Every structure is written in structure tokens, then in C-alpha cells.
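Try each task before you read its solution.

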Amino acid sequence: MMSSNRTQELQDRIRAAANDKKMLTIIGGNTKHFYGNPPINNSNTEILETRIHHGIVSYEPSELVITARAGTPLNEIIELLAKNNQMLPFDPPLFGEHATLGGAIATGLSGSRRPFTGSARDFVLGTKIISGKGDIMSFGGQVMKNVAGYDVSRLMVGALGTLGLLLEISIKVLPRPNTEQTQVIAMSRKDAIKKMNELHQTSLPLSGLAYENEKLYIRLSGASSAVSSAQKKIAGETLVHAENFWLQLNEQTHTFFKQDKPLWRLSVPYVANIDLDEESFIDWAGALYWLYSTKSAEEIHQHAFEQGGSACIFKIPTSEKSPQERFMPLQAKVKQLQINLKSRFDSCGILNFGRLYSDL
Amino acid sequence: MTRAKHANRKSLRNQLHQILPKSNILETEEQTRPYECDGLTAYQQKPWIVVLPETIEQVQRILALCYQESVPVVARGAGTGLSGGALPHANGILLSLAKFNRIIDINPANRSATVEPGVRNLAISEAAKEFNLYYAPDPSSQIACTIGGNVAENAGGVHSLKYGLTVHNILQLKVITVEGELVTIGSQALDTPGYDLLALMTGSEGMLGVIVEVTVKLLPTPELAQVILAAFDDVVKAGEAVGAIIADGIIPAGLEMMDNPAIRAAEDYAKADYPVDAEAILLCELDGTREEVAEQIQLVERLLTNKGATSLRTSKNEAERLKIWLGRKSAFPAVGRISPDYYCMDGTIPKYQLPFVLKRISELSKEYNLLVANVFHAGDGNLHPLILYDANIKGELERTEEFGGKILELCVEVGGAITGEHGVGKEKIDQMCVQFKSLELQIFHDIKHSFDSLELLNPGKAVPTLHRCAELGGMHVHDGALSHPGLDRF
């Protein structure tokens, strides 16, 4: 286990930047730089690298908790957990071998297990952060239940580093399932959504429901007897090397993700009827749509909103100019509350300013 | 320091009567008395006035009025909270959400239910039952407590080990801000853009807004649930068995522990056939498909035997399962029968610290000459020591509070927290000075001000002033509980 505590150095950098009114662009493994609004890049911005601050702080398998510094490579954590037959339950996408824990939490992205086991924010138990003024603060802890004070730890998840620099994160982990099998059934999209909704209301040991190219993928996890009994109930064909399919979906290495158009991500209710005349990859039991579209942002936002969800431009071809906002506009008062929070955590507006919304 | 001022009561009263029918405003001594405390009866304060709005628009108008006149507002659900979170403000309005009691929609395909905040926790599962779905968080008070209060406190329950707390089981809130504006937080989808205000609102103890609608997630009812009752002749062995089950890769639906005084009280009350001579019992519930449960029951029975269980009893049917749980679920009222009063603590600790913490609690019990019955959500390290006392004996309540404070400090010392599920409220405000340093407390005040700059919503709860912590001198609660805990000190 590598260990490198560079808290002081990071704190000094933030204090100096606050003092000199310099903007900081926080970079971990630089694997998710495409996500969110592009970092501001001018003579007044500096790069702050977090990979110097790495190492696992504590890990006790029977407590189901791991605490690591934000710059720790996700791969290191995943390997350590695997040795103890445990896993990060929210399947964070890596998008590259250097991905860090801090990046996974700052982006808050979760993989295919999400509707069944939970999301990145669900498993965060505690954080230590540096605010925009350079103050070090700790919230939450290493225990499963803690309602002392506001839940600042979960507020950090998905904030794209705009509220504070993550120093340390405590995560709840889970045992790896004994057995995993994936059944595949050919069907139309309409039928697949209906089928996913039906399956999701049963107590079958589901851990993935995805649909692409006329095929429904049903992953089952748990005790081997429970998985094999569920396979019989569900029928369809058993997919060989199923782990590759789920990995290619999570890491977006599947051929679907090789189009030269803006990639949209729609988070919608399970029952949504997304009709944008585009081919899509459906994950999360119908609650997540990946689609390439050249339709206007307004049109896609409007459609997602009408369905009770939201849309964001996840990735654009390098040749294209980024629109001003990647995420959907917020209700005015909700936006105001977020601006208020930003001004309290980062009063000088120096931490990743503009990454989430251009005014945060 | 709250900036609430003494409003012109007469004018305010007239304006409230323009918003609400007469029957929805309670003013007389006998009408307001039922609201003077919540589930923590040690703190009492009659509100100036109680209002019971029935529509979102009425709540908006009441809050806009209070904002304009700088009047404190304390929101209240069923009043079952255990930390004085709904304790009224002497100069404030007590805003009861009791009339917001409709289930608006159950959407089985979306596995969600949209309900008003005054709907009881258990009523949601009852309504979802026809679809074979249920709402997972199950605080012991679930028959009475309301979902709005559950969100405000981030309530847990015996099944939170596997199914999570309230924060893991809600999708969307409709909230009225202090200015009277209606906002939607979260969404009907799993992700919502922007900062995670849903997490911030959950457990915020009525400090950031008034919840008027909640969309919860529903889960499929497991095909089967079975519970194992294991007896131990030593509390430490029972604690070790808890760690062994989880280390073996099993996440039980519930994993509860009771010590001998709690076992005796529960058995006496509920007649659940508990082994009264055991030093500790574990209740381990496993749920899922039939095959999964069968496999895990076998594994856990073997583990418990290896860890020194002196006897095992596994429920064979639903009636037996419910009987075994009855003892645990009635542990609090059962203890209430053997002692004139009891004080329930709510600390959390890393599980491996359990033997040390139990030893310390037992030493403190001797030191203070007050008996303790221990009931734990052992799987997630959430302790509920019940300190037995008699409020009629002079000084005993004060001694009890001091003892309780020491238990909470002990929890912080071993890496845990002062509250796992009951909230800070009024009760644990001083222990917040132990849990957090001034920088963190300041950011909590900053968060409060981001939502409520005049500090009108539930003033004086959840987060102590820095001044108060400084006065306590880095936590002098060791040196004596406050002499008049009911007094407003803010």
C-alpha cells in the first residue's frame, strides 16, 4: 500500500490561490476531464493535482468500510477489496487506468448496479475536505449511521470539486456476490421496457437490466442456488463472458459508444417513454439512456423534463465547440440556493469554477 | 443567535386567521398543551400558537407571513421524535403537518409512492402491499411516526443494515422555503443535476425548509424472511459473532443485540420466549428468495454455533418470526414498565469497539449508580443504551443526562457519532461541540444561512452556536449537565 500524505501542500496551494485570486483546476487521474463544462483555461488559472495525495488510510473488512485519500487510484482500491471478496457497490466507471477515488466521488457517476444496490452518494459515509479558503474540515465518519450535522459528505458527491477539494473519503463496501449470471432475451424496445418494469417489481436477485440493439440483458447476483433458480424463471440464453458486456457498457468501450456525435445522458423515471428517434443504450432498468443526438439541447432537455427526469451532454467530439452549459437549467430558486452554498464553501470562487454550471 | 423578534401578536394572529379557518388555529392553553413536547418529554415548552394548514398554498402564505414578520416557525409531524427536534419556540408558530395525510400516488412500475408529509411510515407499506411492494426504513415508531419527520431526521430502523436509511430511500421532496416559495428537490429519476440538495435536506431537522410532499422508493417484498434467535453467555462473544457474520460476506436484513436487563424486561412484557438467563441475544434476520434464505440460514447457524452461541432458535413460519421480533420491537415500552423513567441514547460506533464500549458503559453505570439496559442495531454499530432513572428523585434526571453525555463522548472517542438516527435536536446540542470543531460548526451555520438567513426555521436546534461551545470550554458537559435543560439558551 502506497502512502503519501500531502495535505499541507494542498492546503498551502489553496490558501495561496485564495490570496492571489487565482482560479484552480483540480485534476486527479484526468480520466473524466470531458465531463461537465470545460475547465476555465486562462492566465489566471492553475492546475492542482491530487494524485500526490494518495494511499489507503484504513480498511477493516468486517466493518464494511474503506477510507482512502482522494488521489488513490480506483484500481488499487478495487484490487484490495477483491482480495477480501468485497467491492465498491456502485460500480464507478474508470474511463482510464489512472482514475482516482476523488474523481469518482466528485463526478458521482454510478454503474449498472445502481438501481439495485445504490449510487456513489449512497455509499459515501464521510469526507475530509479543504474549503476554498483553505480550511480543513471533516464530516460524517466511518460508521453506517450518523445524523449529527448536515450531510456535507453527500453534498460533495457530484459537485465536481466546486465546493471543496476532497482529501479523504470513507466508503461503505459490500461483499461480492458468490455468483453472477446474465440472461439475454431478444425483444423490441417497447417490450423490453415493459419487461424491465415487471422484473423490477419482483424479488428476483437482479443486479443489472440493460437494453441495446434489440436485446435485453438481465444480470442476476447472489447465492448460487438463488441465481440458478432465477435463470430458470427468466429463461432466455445465458451470456458467456457476461462480465465483458457489463464492463464495456460501464467503461463505454462497447461499439455503441464509438459515434462521432455529442453523447447525451438522460436520467429518467423507470417508466419513462423516451422517444427522440435515436438509437439508445438503456441501463438502470430503464432509468438511464445513453444516446447520440444532434437535436438541439432545448429539445432534449424539454423531453427529459416532461418525462420527469433530466439530460446532460456527457461528451462531445473533440472537434466540436462545447455549449455554454452541459447540465440542464435548474429552477431559479434551487439555483439560488446552490449559488448561496457555493459562496459559503468557496467564497472567492476559486475551486473548479464553472465546471458544474457557469455561475457556480 | 436567532434574529427572530417579538412580533405584534395581535396583528399576526389576525393575519393567520385570514389564511386559515378558525378550527385550524389552536390558541388556548388546553389546545396548545399537547404540542409542548415531542417524544423526549424531558423538554417542554408551550408554543405561542399552533397552526394546522391543509394546503400547500396555506403553508406558503404562513411562511411568507412569518418571514415578513420575523417570527420563528417549528414544523412538526407526529411528534414522536426522541431528541426534542419538534420542541416549540415560546414566541413562535408551531406548524403541524398533521392534515397533510394523503397518499397521492402509488406507482408500482416506477417503484415509487408520492405522499404528503403527515402520512404515517407504516401506512405507505400498507398501501403498497397490494403491489407486493413496501417502504423499507422501519423506525420502531413506524406505526405512528410520519414520513415528513422521517425525512427531517433521516430515520433508520432495524432493517437499515441492508436497506439503508431514509436518505437512501427517497427520490424527491417538495419543500417550502422560509420565504414561502415552493421548490422541488431531487426528481422522479435517480439522478438530479446540480448539488445534492436532497441529501442536505434529509436529516436537516426542519432547519432548511418545510417539507410538503415526499416521493419515496418502494422495494419488492422479499419472498421469504426468517430470523434466528441466538443466546450467548457473554456479551463480548455476541459482539464477536456480529463481526463474524459480516466478515463472512452476509448482509442480514437485520442484526440486533440485547443484553440481559433488556432481555428480561422484553420477555416480561412481550412473552416472546426469550432466554432470560442469557447474557446477550442476537436476532439475525435473513431475507430474499427461498433458495438464498435457506443457504444463508445454514451458514449463519453454523457461524453462531462456532462463535459460542448457547442456544439457537430459527423461525419456521411468519407467526414465529413476528413473535421473535415482538420482544425486540417492544423493548422500549418494556423497559418503561420496570423503571419510572428511562433515557434512550443513540450513539454509533465501529463494530469492533463494541466490547470496549460495553465495558465502559457498565463501569459508568456503577459510577453513577444508574442501571442500563442495552438494545443495539448491532449490525450497523448503533447503540441504544436505556438509562433507567426516576425523575421524582431529586437530581436523578441531571445525573442521567450527565451519564448519557459521557456515553456519547465515549462514542466519539472510539471513532463513532453522537447520534445514529434520533437526531441532535435540542437534546444533543452540547455534544455537537465534541463531535465537531468550530470550522465545521461554522459551515453548518453557513449552510443554514444559505437557506434561512434570518434563522426563523426551528431556531436553536441541531447546531450549537460557536459561543455556546466556547462557553462549555471545549465541552464541559463532563462537569455537570445544565441545571435547567428546558431553558432557552440561544
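Strands (E, at least two residues) and helices (H or I, at least four) are DSSP runs, numbered from the N terminus. Before you start, note that this is a predicted model: local features need pLDDT of at least 70, side-chain atom pairs count only at pLDDT 80 or more, and totals for chains, interfaces and linings use all residues. Residues are numbered from 1 along each chain as its sequence is written, chains are lettered from A and ligands numbered from 1 in the order in which they are written, and side-chain values use heavy atoms, with hydrogens and water left out.

**Exercise 1. Describe the contact between chain A and chain B.**

Step 1: Count the residues. With contact meaning heavy atoms within 4.5 Å, chain A brings 71 residues and chain B brings 83.

Step 2: Get the area. Buried area is the accessible area (1.4 Å probe) that two parts lose on being put together, summed over both. Here the two chains bury about 6500 Å² between them, 59% of it on carbon and sulfur atoms. On the chain A side, A:Lys145, A:Val147 and A:Tyr150 lose the most area to chain B, together 15% of what that side buries.

Step 3: Tally the salt bridges, each a side-chain nitrogen of Lys or Arg within 4 Å of a carboxyl oxygen of Asp or Glu. There are eight between chain A and chain B. One of them joins B:Asp196 to A:Arg121, with the closest N and O atoms 2.8 Å apart.

Step 4: See who contributes. Helix α11 (residues 332-345) of chain A gives the most to the side of chain A that touches chain B, with nine residues. That side splits into 35 nonpolar, 22 polar and 14 charged residues. For this sorting, Ala, Val, Leu, Ile, Met, Phe, Trp, Tyr, Cys and Pro are nonpolar, Asp, Glu, Lys and Arg are charged, and the others, Gly among them, are polar.

**Exercise 2. Follow the salt bridge of A:Arg265 and compare it with pairs inside one chain.**

Step 1: Find the partner. A:Arg265 bridges to B:Asp191, with 2.8 Å between the closest N and O atoms.

Step 2: A:Arg265 sits in strand β15 (residues 263-267) of chain A, and B:Asp191 in the loop between β9 (182-186) and α7 (197-201) of chain B.

Step 3: Check accessibility. Buried means under 20% relative accessible area, exposed over 50%, and partly exposed in between (1.4 Å probe, protein chains only). Both A:Arg265 and B:Asp191 are buried.

Step 4: Turn to chain A, where A:Arg13 and A:Glu46 meet at 3.5 Å, N to O. A:Arg13 lies in helix α1 (residues 7-20) and A:Glu46 in strand β3 (residues 45-49) of chain A, so the pair ties together parts 33 residues apart in sequence. A:Arg13 is partly exposed at 31%, and A:Glu46 is partly exposed at 29%.

Step 5: Finish in chain B, where B:Arg337 and B:Asp268 meet at 3.7 Å, N to O. B:Arg337 is exposed at 53%, while B:Asp268 is partly exposed at 42%.

**Exercise 3. Is B:Thr289 buried or exposed, and what does this residue touch?**

Step 1: Locate B:Thr289 in the loop between β14 (280-288) and α10 (290-306) of chain B.

Step 2: Read off the accessibility: at 2%, B:Thr289 is buried.

Step 3: List the contacts. Not counting residues up to four places away in sequence, B:Thr289 touches A:Ser203, A:Pro205, A:Ala226 and B:Glu223.
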